[in-house]
Amino acid sequence: MRGPGDTRKIPLRDGLVLAVTQAGDPERPPLLLLHNACSTFRATWGRALGPLATRFHVIGPDLRGHGGSTNPEGRLDLREMADDLATLMDRIGVPDAHVMAFSGGASTALYLATRHPRRVRSMVLIGSHYTVRNLRTRGDAFWDPERIRREEPAWWAAMVRWHGSEERVEALLRGWREEDHHRPDFTPEDLQAIAVPTLLLIGENDPITPVEQTVEMARWLPDARLVVFPGAGHDVLRERPEEFFKAVRSFWEEIGIP
């Protein structure tokens, strides 16, 4: 059995290495946990790792360019990050997995489900959107390092701690700013082709993800459930942990995860 904290570097190809934490019994159902933009696996999911590892074999990568993972191309592309995950699953011998993902990680999960549909058993998507339309981070100011240093110094300090240097943080902010102009770019037809059971979680007052997009996703995904948390913002995992895990446990029980 792997305990919380078993993190190793897994080479995917020349120059591309993902830092991956695994926890829980490998005989349990695999759960791929994906963090949000400019975060890391541990920063987003660290507090939940122990409880989740009692039910699942947890697989938690740092997405390319984040935390302990490299990014030889120097860009961020949600499609490539999804392909990274499929390759990672090959490397560790996991043919498919349940997925739980937050924000930018949720967009990555959608690309995994559309580009590699056999890899995904179910999805829990938090603060998720399907198009750049009306996305509140799309303006360049959101990702501007000088603005963040000035207006959100605690976030800046945390990112430097997670990623090891100001230069790496600035590279991540540039990458996400550029990607926000292009992706995600799903159509209703793309979403209708995703057949796996999906739980969509969104805060009523999410300042980043347009709530109407998540509502539209619930309409177009064939097997979707939607939970809107009244009064909550973007990070419902931290803002409403009890309600969050109650909704997630109910979903997993509904789809037959023991």
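In strand E7, Leu201 is the bridge partner of Ile126, one contact in a predicted model where local features need pLDDT of at least 70 and side-chain atom pairs count only at pLDDT 80 or more, while totals for chains, interfaces and linings use all residues. Residues are numbered from 1 along each chain as its sequence is written, and side-chain values use heavy atoms, with hydrogens and water left out. Strands here are DSSP runs of E with at least two residues, helices are runs of H or I with at least four, and both are numbered from the N terminus. E6 and E7 run parallel and are joined by four bridges; for two strands to pair, DSSP has to find at least two bridges between them.

On to the other neighbour of E7. Six bridges join E7 to strand E8 (residues 224-229), again in parallel, with Thr198 standing opposite Ala224 in E8. To get from E7 to E8 the chain passes through H8, and this β-α-β crossover is right-handed (with the strands pointing away from the viewer, the path from the first strand over the helix to the second runs clockwise). E7 itself (residues 198-203) is largely enclosed by the rest of the structure, because six of its six residues are buried, meaning under 20% relative accessible area, with exposed being over 50% and partly exposed in between (1.4 Å probe, protein chains only). In a regular strand the side chains alternate between the two faces of the sheet. Here, both faces of E7 are covered, with Thr198, Leu200 and Ile202 buried on one side and Leu199, Leu201 and Gly203 buried on the other.

Strand E3 (residues 30-34) is mostly covered too, five of its five residues being buried. Pro30, Leu32 and Leu34 take one face, Leu31 and Leu33 the other, and all are buried. E3 pairs in the parallel sense with strand E4 (residues 57-61) over three bridges, and Pro30 stands opposite His57 in E4. The link from E3 to E4 goes through helix H1 (residues 41-53) and makes a right-handed β-α-β crossover. Four bridges also join E3 to strand E5 (residues 97-102), which run parallel, and there Leu33 stands opposite Met100.

Now for the rings. The whole structure holds seven aromatic pairs, counted when rings of Phe, Tyr and Trp (its six-membered ring) have centres within 6.5 Å, with planes under 30 degrees apart taken as stacked, over 60 as edge-to-face and the rest as tilted. One of them is Tyr130 with Trp220, edge-to-face at 5.5 Å centre to centre and 90° between the planes. Tyr130 lies in the loop between strand E6 (120-126) and helix H4 (145-151) and Trp220 in helix H8 (residues 211-220), so this pair ties together parts that are 90 residues apart in sequence. Tyr130 is buried at 4% relative accessible area.

Phe142 and Trp143 form another edge-to-face pair, 4.8 Å centre to centre with 80° between the planes. Phe142 is partly exposed at 22%, whereas Trp143 is buried at 5%. Together with Trp155 and Trp176, Phe142 and Trp143 form one aromatic cluster. The charged end of Arg147 sits over the Phe142 ring, 5.8 Å from its centre (the criterion being NZ of Lys or CZ of Arg within 6 Å of the ring centre and within 35 degrees of the ring normal).

Leaving aside neighbours within four places in sequence, Asp84 is in contact (heavy atoms within 4.5 Å) with Leu12, Leu16, Leu18 and Arg64.
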